[in-house]
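Work through the exercises below with the structure open beside you. Try each task before reading its solution.

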Amino acid sequence: MRVPRLRAPGLLVAGALGLAVVVACTAAGPSLAGFDPAHVATADRLLPPGTAGHHLGTDGLGRDVMARTLAGFRWSLAVALLALVIGGAVGTVVGVAAGWHEGWPRAVLSRAIETAIAFPALVLALAVIAAAGHGFWALVLVLGLVNWVGFARVVLAETRSIKRREYVLAARLLGLGDARVILGPVLRALRPTLLVVSAFAFADLLVAEASLSFLGIGAPLGTPSWGGMLADSRQYVFTAPWLLYAPAAAVVLAVLTANLLGDGLTQLWGGGGRAE
Amino acid sequence: MNALVEARALVVRFGLGPGRRLTAVDGVDLAVPRHATLALVGESGSGKSTLGLTLLRVHRPAAGRVLFDGVDITDWDERRLRALRPRMQMVLQDPYASLDPHVTVGEALAEPLRACRGLGRAAARERAVELLESVGLPGSTAGRRPHLLSGGQRQRAGIARALALEPELLIADEPVSALDVSTRAQVVALLDELRRRHRLTVLLIAHDLALAGQVSDRVAVMYVGQVVEEGPAPDLIRLPQHPYTVALLSATPDPDPRIERTRPRITLRGEPPSALRPPSGCRFHPRCPIARDVCAVSPPPLREVRTGHRAACHFAGELESPVTPTRIWGG
């Protein structure tokens, strides 16, 4: 069967719709559900959706699933966004440095990037969390550390090609220093690439956060996170399957949105190099 | 001679991988006299752009010296060169690639003014508009992105940018070859006018010898990394001493069909040789119509044949001009 190929505007429209829903859910937060996500009510445990005002039911401790899923938006997006900023900044700095300086700095940084790519991310995550402890910032740090490599690799390749462009040569001939050329024409030319890489990296970060929380080394116990909710739902899969649906749908929505935006921008810019 | 920029026995090599090196410029002696225009002419791949970029010390020569205003800048590092760069500017070949597509023309011009002249945002913007007007563009061009401009307009903007820092030396690398024939003459005339107005020293890199001869004081002809002939423009065009120069002149058609039909010419056979494996002896000998045995063995030195007119041919000056060159347009 042939799937009709979506063109850039279609992808972008779908992505924008998804983004609107994600932003609305994040802004509204758990108050939309009418329950405190942390409120435990053992009498009301495992209520099916629609009972006693719980639109999506309650979990094994009687907590409102809708409130917890909505709270999960804030947690996941905050973690992923901060990790994206950290990873993006580190990766861009390393990538530009390696792409700009020929000779040994490039050789050393390229090897460093390759080593980081080869290093198993989960082992790194376990090591950092074992050392730094559980919590929001530890998680952000871990994900940032895993994330910078993707940026560095793409930015390195892109910077090498940008450096050969005539308008970059023109800027150097005008007597502008390296810093000015990099912060000016080079960074401007990198913008579309960075945006596309960010969209895909964001999707990866959401999945990574959910995975770590699912394994119990992400969000601290009790924090409403999608991965944690999915982990909790396992023991009730046959008796209370609704515990699974809401957090899974939220992960799918957020990840799909980021990927749609990334794909749309890629096609719009023909691979992400040109802005015109 | 009072030269603003000078190459002495200049050699420029590029590594193409392990053991493979390309000698793009091979032992060039060339001086651009102050306030004069020197045209550097040759086929693509002859090393003329590389020579231009090496005179600006974008490339570092493998041997030889580069002198700017009498000072040896061969070994200067980028930090020292940066202070010198405003005095030496370049108009790049491709106006479609040499302007940053992400900013307006005004911002592109304001950037060096703010960085190198310390102008404020408003003053730089004002100066950018003046510069655009001085190259015949409306001041409103400052607010436009390059993709809204035509090739000729872009090249004018590129010239305005090169003049922003009031340089003494302007190297124009094939400034019109990417343009429509109809706009070429205008851009050439603009360069000539600006040269006079700002008392610039110009190195004009071109492949059209006839056009270059008209707008320059001196002409140097390059072939496979070497200067084969150099002299005063009218002299070189009227009495070319090197068969390669004659061949280049033959390539220009004469507007008079009677002359065009009967004029003698040298038509070059084959491609220019690769600079990776230049021919022995005189590099031109495999394509030369007057080559003899000696040419395949011994490389002819660049020697003075007439006053201020040098040629690298064993038979320069001995022969009557081997072929009468064509009359030059307007010349």
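**Exercise 1: a hairpin and its strands**

S9(B) and S10(B) form a hairpin with two residues between them, and B:Val224 in the turn has a positive phi of about 45 degrees. This is a predicted model, where local features need pLDDT of at least 70, side-chain atom pairs count only at pLDDT 80 or more, and totals for chains, interfaces and linings use all residues. Residues are numbered from 1 along each chain as its sequence is written, and chains are lettered from A and ligands numbered from 1 in the order in which they are written.

Task: find the pairing partners of S9(B) and state how each pair runs.

Step 1. Know the terms. Strands (E, at least two residues) and helices (H or I, at least four) are DSSP runs, numbered from the N terminus. Two strands pair if DSSP finds at least two bridges between them.

Step 2. Take S10(B), residues 226-232. Six bridges join it to S9(B), and the two run antiparallel. B:Tyr223 stands opposite B:Gln226.

Step 3. Take strand S3 of chain B, residues 37-41. Its pairing with S9(B) is parallel, over four bridges. There, B:Leu38 has B:Arg218 as its bridge partner.

**Exercise 2: buried or exposed?**

Task: decide how enclosed S9(B), residues 218-223, is.

Step 1. Apply the cut-offs. A residue is buried if 20 or more other C-beta atoms, placed from the backbone, lie within 10 Å of its own, exposed if 12 or fewer, and partly exposed in between.

Step 2. Look at both faces. B:Arg218, B:Ala220 and B:Met222 point one way. B:Val219, B:Val221 and B:Tyr223 point the other way, and all are buried.

Step 3. Conclude. Six of the six residues are buried, so S9(B) is largely enclosed by the rest of the structure.

**Exercise 3: two helices**

Task: describe how H7(A) and H8(A) cross.

Step 1. Recall the description. Two packed helices are described by the angle between their axes and the distance between the axes.

Step 2. Read the values. The axes of H7(A) and H8(A) come within 7 Å and cross at roughly 40 degrees. Axes are lines fitted to C-alpha atoms, for helices over the stretch in contact, and angles run from 0 to 180 degrees between N-to-C directions.

Step 3. Classify. Under 35 degrees counts as roughly parallel, over 145 as roughly antiparallel, 65 to 115 as roughly perpendicular and the rest as oblique. H7(A) and H8(A) are therefore oblique to each other.
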